[in-house]
Amino acid sequence: MSIDAPSSTRLQSNIWETVQEDAVDIYWRSKDGKIPRHRDARFCKHGVNGMCDYCMPLEPYDAAYQTEHSIKHLSYHAYLHKISPKTSSAAATAIPPLSPLSYKVKDPCPSGGHPPWPAGICTGCQPSAITLQSQPFRMVDHLEIASPDIIERFLKAWRSTGLQRFGWLIGRYEPYEKVPMGVKAVVEALYEPPQEGELDGLTLGIPWEDEPRIRELSKMSSTPLSIVGYIFTDLDPDPEDRTKSIYKRHPQSFFVSSLEAIFAATIQKSNPTPSRSSPSGAFGSRMVTAILTATEDGKVDISAYQVSEQACAMVDADMIEASVEPGIVRIKEEDRSQDAARYVPDVFFRYKNEYNLEVKKTAKPCFPVEYLLVNVTHGFPQTPSPLFRSNQFAIENRPGLEDQHIEDVLRTLAKLGAPQLSDSPLTSTSDASKRLELVKWLSDWHLLAFLETTQLVSKADMKVLVSTVTSPSLLEDPSALNALFKTESWQTLMTFTRESAPSLPSTSGPGPSSSHVDEDIPQDVFDQIAAEEARREGPGGVSSGIKICPHCTFENSEGETDCEVCGLPLG
């Protein structure tokens with residue numbers, strides 16, 4: 001007799017089968033990842049169509065290839081190939097090969113023989129001892145900044161104030177061919193959340209209020225984007241040479257402080273990567289930590305890292321904390337109180353002593369932060385082709401330094417002739433160049449993020465705007481703007497643009513040499529002056545023979561020499 005399991009139980013047990021993975025994961029799962037090799041003229045004795053041990057493709061996790069090309073960590077999918085069973089057994093392939101780490105006490109206990117922690121604990125529910133070691137794989141192999149202008153605009157705030165800055169990296173994940181089955185994070189924009197910068201650090205809130213809005217906005221682009229990491233500055237000007245910065249992150253000090261590593265683990269833990277290879281449907285995280293700091297010669301460069309799965313699990317179990325020494329991580333004391341129960345298993349780490357012998361040492365009360373780090377390479381493309389063509393609009397949350405105003409948007413739209421372009425069809429080369437200039441200005445992440453907050457653009461029209469100005473072929477096809485011009489929100493924006501820049505009468509309005517004060521005079525004042533002048537003049541523009549007293553402004557007859565009211569001379 002067989003009893004069918006409830007449908008909810010079957011769904012829970014096979015949750016990894018219904019997970020929607022990232023596009024880059026779907027791409028690599030369709031490839032075998034083999035590293036091709038050419039025929040070796042010295043050792044290959046077979047024909048052109050033959051194959052031997054010297055020219056057959058290598059596995060993506062081949063150790064000799066990794067060493068030869070100085071690849072420190074396997075890529076995520078190469079690691080999956082390495083640990084996945086090679087048998088064709090259906091039972092073996094149905095079991096996900098990855099196991100998410102957890103250093104928490106199991107609650108409830110699998111044995112069920114004692115009260116839950118902290119009232120009781122046994123070998124069945126307590127975590128095993130931890131041995132810290134370098135993680136063999138990394139979730140992201142390379143960080144690519146789409147354009148150097150992105151970093152330059154970010155650095156402008158620090159150069160102007162000397163205060164450190166923080167920003168979220170907006171981008172996407174793509175295959176990285178320089179590493180077998182590699183993944184790279186391509187950064188297209190930065191978003192700076194509300195923060196308080198200081199000379200030696202900064203303060204910001206997590207989670208941040210605009211996160212849902214920014215995530216939704218980034219998905220509207222022609223190539224859907226997401227938050228792929230974060231970046232912050234750690235720069236101190238050299239007092240002897242203000243054009244250089246102090247080199248303080250190096251092998252003799254630290255690369256990532258313990259506080260930064262714990263923050264990275266917190267962010268990675270809250271942003272897991274969907275995975276069909278994990279029983280929970282998620283494994284690891286692709287959030288990258290980028291640091292703008294000084295190099296040995298005093299210049300500014302980027303360093304990119306992730307923290308290991310061990311680091312995330314230790315932070316999740318509330319086992320570690322930052323120390324006064326930035327390169328050292330402290331392990332917390334065990335706590336059996338009911339409100340803040342914390343179990344801390346034995347923690348060890350290995351290192352080579354002065355005799356080059358591997359030694360195992362307890363990590364209590366502290367250990368080097370390097371045991372939690374995973375290096376990520378970084379760089380810029382040789383031929384930049386960013387999704388957003390401009391970075392000139394004021395950046396958000398820089399009060400006093402850069403302010404965002406809708407008046408500035410309307411003024412620029414009027415200057416670019418947006419209302420005229422919207423009303424007229426594309427008929428000449430000059431119109432095409434004007435459209436090109438307009439679209440380059442509109443293709444600005446900070447401008448788009450600001451326009452969404454003005455309530456002038458509806459959600460549906462915002463999708464049209466973002467997808468249009470991020471289209472890869474937009475610069476070659478100016479007519480693609482027609483869809484945007486037809487939206488109701490764009491027409492509303494053009495109405496406000498026209499009303500914010502009215503044309504003044506040529507006869508009585510201020511001339512080119514007038515002061516800026518004249519621009520604030522209402523239109524009806526100019527109309528009243530023009531009507532008064534027309535009344536004083538006769539037909540054909542000839543004077544009607546009235547003398548105006550320069551003292552009391554009374555209108556006297558032409559033949560009078562003295563004013564009829566004040567008695568003073570008119571001439």
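In the predicted model, the side chains of E452 and R213 form a salt bridge in which the closest N and O atoms are 2.9 Å apart. R213 belongs to helix α7 (residues 211-218), whereas E452 sits in the loop between α13 (445-451) and α14 (459-469), so this pair ties together parts that are 239 residues apart in sequence. E452 counts as buried because its relative accessibility is 18%, and the cut-off for that class is under 20%.

A second salt bridge links D318 with R342, with 3.2 Å between the closest N and O atoms. D318 is located in the loop between α9 (309-316) and β14, and R342 in the loop between β15 and β16 (347-352); the pair therefore ties together parts that are 24 residues apart in sequence. The two partners fall into separate accessibility classes: D318 is partly exposed, with a relative accessible area of 32%, while R342 counts as buried at 15% relative accessibility. Salt bridges that share partners also join E144, R172, E174, K184 and E188 into one network.

A further pair is formed by R159 and E152, whose side chains meet in a salt bridge with an N to O distance of 2.9 Å. E152 has a relative accessibility of 41% and counts as partly exposed. The count of salt bridges in the model comes to 31. In general, side chains of opposite charge can pair when their charged atoms come close.

Between β14 and β15 (residues 328-331), the antiparallel pairing extends over three bridges, and I320 has I331 of β15 as its bridge partner.

Strand β12 (residues 288-294) is joined to β13 (residues 300-307) by six bridges, and the two run antiparallel. Within this pair, A290 stands opposite A304 in β13. The hairpin of β12 and β13 has five residues between the strands, and G298 in this hairpin takes a positive phi near 90°. Strand β13 is joined in turn to β19 (residues 373-379) by four bridges, again with the strands running antiparallel.

Another hairpin is formed by β16 and β17, with five residues between the strands. Strand β16 pairs with β17 (residues 358-362) in the antiparallel sense over five bridges. K352 stands opposite E358 in β17. In the turn of this hairpin, N356 has a positive phi of about 65°.

Notes: Residues numbered from 1 in each chain as written. Predicted model: local features only at pLDDT ≥ 70, side-chain atom pairs only at ≥ 80, totals over all residues. Heavy atoms only, no water. Pairing = 2+ DSSP bridges. Salt bridge = Lys/Arg side-chain N within 4 Å of Asp/Glu carboxyl O. Buried < 20%, exposed > 50% of the residue type's maximum accessible area, 1.4 Å probe, protein only.
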